[in-house]
Amino acid sequence: MSDKVLVIGGGISGITAAIEAAEAGMESVIVERNPSLGGRVAQLYKYFPKLCPPYCGLEINFRRIRQNPAISYYTLSEIESVSGSEGNFTATVRINPRYVNEKCTNCGDCAAVCPAERSNDYNFGMNSTKAVYLPHDLAFPMRYVLDKSACNSVCQACADACQYGAIDLNMEEKTVDIAAGSIVIATGWDPYDAARIENLNFASIPNVITNVMMERLAAPNGPTSGKIKRPSDGKEVKNIAFAQCAGSRDENNLAYCSAICCMASLKQATYLRDADQESKAEIFYIDLRAPGKYEDFLRRLEEDDNVTLTKGKVAKIEEDNATGDPVVTVEDILGGGKIKKQFDMVVLAAGMEPAAKNGGIPLNIPFEDHGFVDGDKLGAGISVCGVARRPDDVTTSVQDATGAALRSVQVTARAVQTAGGN
Ligand SMILES: Cc1cc2nc3c(=O)[nH]c(=O)nc-3n(C[C@H](O)[C@H](O)[C@H](O)COP(=O)(O)OP(=O)(O)OC[C@H]3O[C@@H](n4cnc5c(N)ncnc54)[C@H](O)[C@@H]3O)c2cc1C
């Protein structure tokens, strides 16, 4: 029997489940496929509704991990196989080589001499990093990583430049077996591929971006150092449109509502408004969803004369060839007819797709119709939390993850009872 909880995914939900279980007296281990923990939240500029930086919350959790020897984690890792049953699982974990060991001090000497570049996935490809890079400036663990697929295999410049012996170009993939009593799936979401929404022309109009790109554009550690500039020509954005339900609630794309996109666009309108008092934002929506505690936030935006909320579905986006401006055609739901308007930039409020449905978890997972994990049908000892279960905000994901931790505690309690009963 093992009282260890195996958590798959190290976003805010997985981190929370691991910490809560460990603080209730269990051991927990997080398996994360990226080089650092934090998940998608680490890519946000600010959290709604308080508009504080997400790193406040993440940093507290990283401290709880650092201070608790009952919590361990593997980054750049994925589960290869799982056998056994409740109370007695064995998971084989593949740990991909980082090529940078724990001697790394983040001095950056390796990146300074690295001749190769790679697209920066942290900034959704809006800039690049060297092949050896720090995932981002608040990464946990704070350690460089080498993307060998981006570099010339005979180059040793990074290893030669590192005075601490932290670069190990011969590091190899490893596997470890983990014994666990329970498993928590916390694999979260990926942004919906906006190129698939044909009428909105994300792939062909540079100044049509997605909501996740907007988070990075506004962030001081983003590709434009926090200045909201449009991609085609670097012009500062003064007049922005948000197209709600971009691909969502649409049988040809994502048939469901991602629950947070309205709040995300309202929040992103404040990014522009706070940066430039003359700027204007217009949000085109079908229904504005700002439930419960979020209603005050919506009211605040409604009171801003430079924010316009227009009930209308964006039917088409074209480009004005002379200026590069996107031109939106909107079906005006209240007034009838069509509205045609030109903006500096358009943000598509695209939805969240469950990462689990694309594989990576070698368990017999029951999915509900939209590809989220159906928690009610999972086998004994396995639970799901956060956006892997359903699209949600951070607060609700954290509550859900705390529930998953409790279910893992219950697995151990059942095992102890059974052992006592015998
Ligand atoms: C544009 C936008 C703005 C948002 N702004 C806010 C906001 O201001 N406030 C708010 O409350 N919410 C906001 N949200 C929602 C918020 O991002 C989610 O609630 C949150 O990310 C959920 O966390 P999670 O841990 O469930 O998933 P994730 O953040 O997706 O974390 C999942 C983790 O699992 C890892 N993983 C995936 N598959 C595997 C695998 N097979 N093996 C190992 N690891 C794996 C991933 O790499 C990732 O690290 C926003 C969402 C969007 C789209």
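The domain assignment, which is automatic or taken from a database, divides the chain into domain 1 (4-96 + 173-190 + 353-421) and domain 2 (193-350). This is a predicted model, in which local features need pLDDT of at least 70 and side-chain atom pairs count only at pLDDT 80 or more, while totals for chains, interfaces and linings use all residues. Residues are numbered from 1 along each chain as its sequence is written.

The C-alpha centres of domain 1 and domain 2 lie 32 Å apart. Twelve residues of domain 1 are in contact with 18 residues of domain 2, where contact requires that the C-beta atoms of two residues, placed from the backbone, lie within 7 Å. On the side of domain 1 that touches domain 2, six residues are nonpolar, two are polar and four are charged; in this scheme Ala, Val, Leu, Ile, Met, Phe, Trp, Tyr, Cys and Pro count as nonpolar, Asp, Glu, Lys and Arg as charged, and the others, Gly among them, as polar.

The chain as a whole holds eight helices and 21 strands, which are DSSP runs numbered from the N terminus (helices are H or I with at least four residues, strands are E with at least two). Its radius of gyration, taken over C-alpha atoms, is 23 Å, close to the 22 Å that the globule rule (2.2 Å times the number of residues to the power 0.38) gives for 422 residues, so the chain is as compact as a globular protein of that length. Along its principal axes the C-alpha trace spans about 75 × 55 × 35 Å.

Of the 39 residues around the ligand, Gly-9, Gly-11, Gly-39, Gly-188 and Gly-386 come nearest; a residue is near if its C-beta atom, placed from the backbone, lies within 6 Å of the molecule. By class, this shell has 17 nonpolar, 14 polar and eight charged residues. Helix 1 (12-23), helix 5 (211-218), helix 6 (261-275) and helix 8 (394-421) each supply at least two residues of the shell.

Consider, finally, an open sheet of three strands, whose order is 4-5-10 with antiparallel pairing, two strands being paired if DSSP finds at least two bridges between them. Strand 4 (77-85) and strand 10 (174-180) are the edge strands, each pairing on one side only. Strand 5 (residues 88-95) is joined to strand 10 by seven bridges, and the two run antiparallel. Ile-95 stands opposite Lys-174 in strand 10.
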